Amino acid sequence: MSFSLFDAPPHEPSQFVGFAGNPIDRQSEQRADDSVEKALADPSARVLLVRAGRVYLKANGTGFSSYYTVTATSALAARLEHAVLLGFTPQGPVLAAPAGLDPEELPEGIKAIDYRSVYIQGLLEAPDLGILAQGASLLAWHSSHRFCSKCGQQSEMRAGGYKRLCPGCGTLHFPRTDPVAIMLTVTKDRCLLGRGPHFGPGMYSALAGFIEPGETIENAVRRETFEEAGIRLGRVVYHASQPWPFPYSLMIGCFGEALNEDITIDAELEACRWFSRDEVLAALAGTHPDGIFTPPKGAIAHTLIRAWAESA
Ligand SMILES: [Zn+2]
């Protein structure tokens, strides 16, 4: 069987997903232990503030801004001692820090909005959404890795937030990204979509699961698809990836070619079935007769489903 899906796509598909538009120049080779202090002393510095899965947005006439000057962060009790340096844009350094004020205590014109709503509602432009993913993921890692996993002593941030050093045993700890495989299982005429019990009524999506230690991306895709749906896969190709700050994942989107079509559904799924191309096109267009729909544009599942539906 040959289909164009398994050829390299003409345009890099990752650039079209949400959280992917990060324009930051990370200057990773230049990071030093005083990088944060130097950046905070720069009058052009901008700081992103987050707390408990929400970003603090400032209304600015037509929309929202996610940046504060260093001076302005004090009104939100920013904890700049925990700030991380994300990198640089032509306007200057960009940092992220935990906000101190509770969402209920915010001054007029500032709203604390969860990352998912910011993304779904398009409250930030693509570059700022990408920067949010970087800052939110990195701060989440720091807040859950304060103590050395080797000796238990409290560790200290280094290199602008890109490592932690344990003063007790000298171990270095590096921020992690958790890889998640998300895969669309296809045949020439049909694709496999499922729904989890937590999905909104009518939504169907691609299957997904964490990649485990010692596993290739392709084998994780094959294992998850077999475990969740009882479908064996032949060829697997990578298509696109998406930074996913919940809290620090990377979604790795693939297509898998089904070798059998009889589904054995796993308890993890509420439903799973094959969809024809016409049915998928209707779901994407919001015109499916049973009200079935896909994740919104910008979700990597949407990117995979649309690429298959529109492929020859
Ligand atoms: Zn230690």
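**A colleague's note on this structure**

1. Lys163 belongs to strand S8, which covers residues 163-165. Strands are DSSP runs of E with at least two residues, helices are runs of H or I with at least four, and both are numbered from the N terminus.

2. A word on the basis of this note. The model is predicted, with local features needing pLDDT of at least 70 and side-chain atom pairs counting only at pLDDT 80 or more, while totals for chains, interfaces and linings use all residues. Residues are numbered from 1 along each chain as its sequence is written, and side-chain values use heavy atoms, with hydrogens and water left out.

3. Which residues does Lys163 touch, not counting those up to four places away in sequence? With contact meaning heavy atoms within 4.5 Å, they are His142, Glu156, Met157, Arg158, Leu172, His173, Phe174 and Pro175. Asp33 is 130 residues away from Lys163 along the chain, and their C-alpha atoms are separated by 9.8 Å.

4. Next, the sheet around this residue. Three strands in the order S7-S8-S9 form an open sheet with antiparallel pairing. Strand S7 (156-158) and strand S9 (172-173) are the edge strands, each pairing on one side only. Strands count as paired if DSSP finds at least two bridges between them. S8 and S9 are joined by two bridges and run antiparallel; Leu172 in S9 is the bridge partner of Leu165.

5. Now the metal site. Four cysteines coordinate the zinc ion through their SG atoms: Cys148, Cys151, Cys166 and Cys169, at 2.3 to 2.4 Å. Donors here are N, O and S atoms within 2.8 Å of the metal (3.2 Å for Na, K and Ca); water is not among the atoms, so sites may look incomplete. Along the sequence, the donor residues follow the spacing C-x2-C-x14-C-x2-C.

6. Why is the arrangement around the zinc ion called tetrahedral? The four donor atoms subtend angles of 98 to 116 degrees, which makes it so; the test for four donors is that all angles lie between 85 and 135 degrees. For orientation, the ideal angle for four tetrahedral donors is 109.5 degrees. As for cover, Cys166 is buried at a relative accessible area of 1%, whereas Cys169 is partly exposed at 38%.

7. Stepping back to the whole protein chain, there are six helices and 15 strands. The radius of gyration of the chain, 22 Å, is close to the 20 Å that the globule rule gives for 312 residues, so the chain is as compact as a globular protein of that length. This radius is taken over C-alpha atoms, and the rule is 2.2 Å times the number of residues to the power 0.38. Along the principal axes, the C-alpha atoms fill a box of roughly 60 × 50 × 35 Å.

8. Of the 312 residues of the protein chain, 49% count as buried. The chain exposes about 15,000 Å², with carbon and sulfur atoms supplying 53% of it; accessible areas come from the Shrake-Rupley method with a 1.4 Å probe, and for residues only the protein chains shown count as cover. Among contacts between residues at least 6 apart in sequence, 65% join residues at least 24 apart.

9. Leu48, in strand S1 (residues 46-51), is buried with a relative accessible area of 0%. Beyond neighbours within four places in sequence, the contacts of Leu48 include Val55, Tyr67, Leu86, Leu95, Ile131 and Leu132. Leu48 and Ala133 are 85 residues apart in sequence and 11 Å apart in space, C-alpha to C-alpha.

10. Strand S12 (residues 207-210) has two faces to look at: Leu207 and Gly209 on the covered one, Ala208 and Phe210 on the uncovered one. In a regular strand the side chains alternate between the two faces of the sheet. Four bridges join S12 to strand S10 (residues 178-186), and the two run antiparallel. Met183 stands opposite Leu207 in S12.

11. Finally, helix H5 (residues 277-285) has Arg277, Val280, Ala282, Ala283 and Leu284 as its buried residues. What do they pack against? Their partners are strand S11 (190-195), strand S15 (271-276) and helix H6 (300-309). Just after H5, Gly286 takes a positive phi of about 75 degrees.

Conventions: Tetrahedral: all angles 85-135°; square planar, octahedral: opposite > 155°, others 65-115°. Buried < 20%, exposed > 50% of the residue type's maximum accessible area, 1.4 Å probe, protein only.
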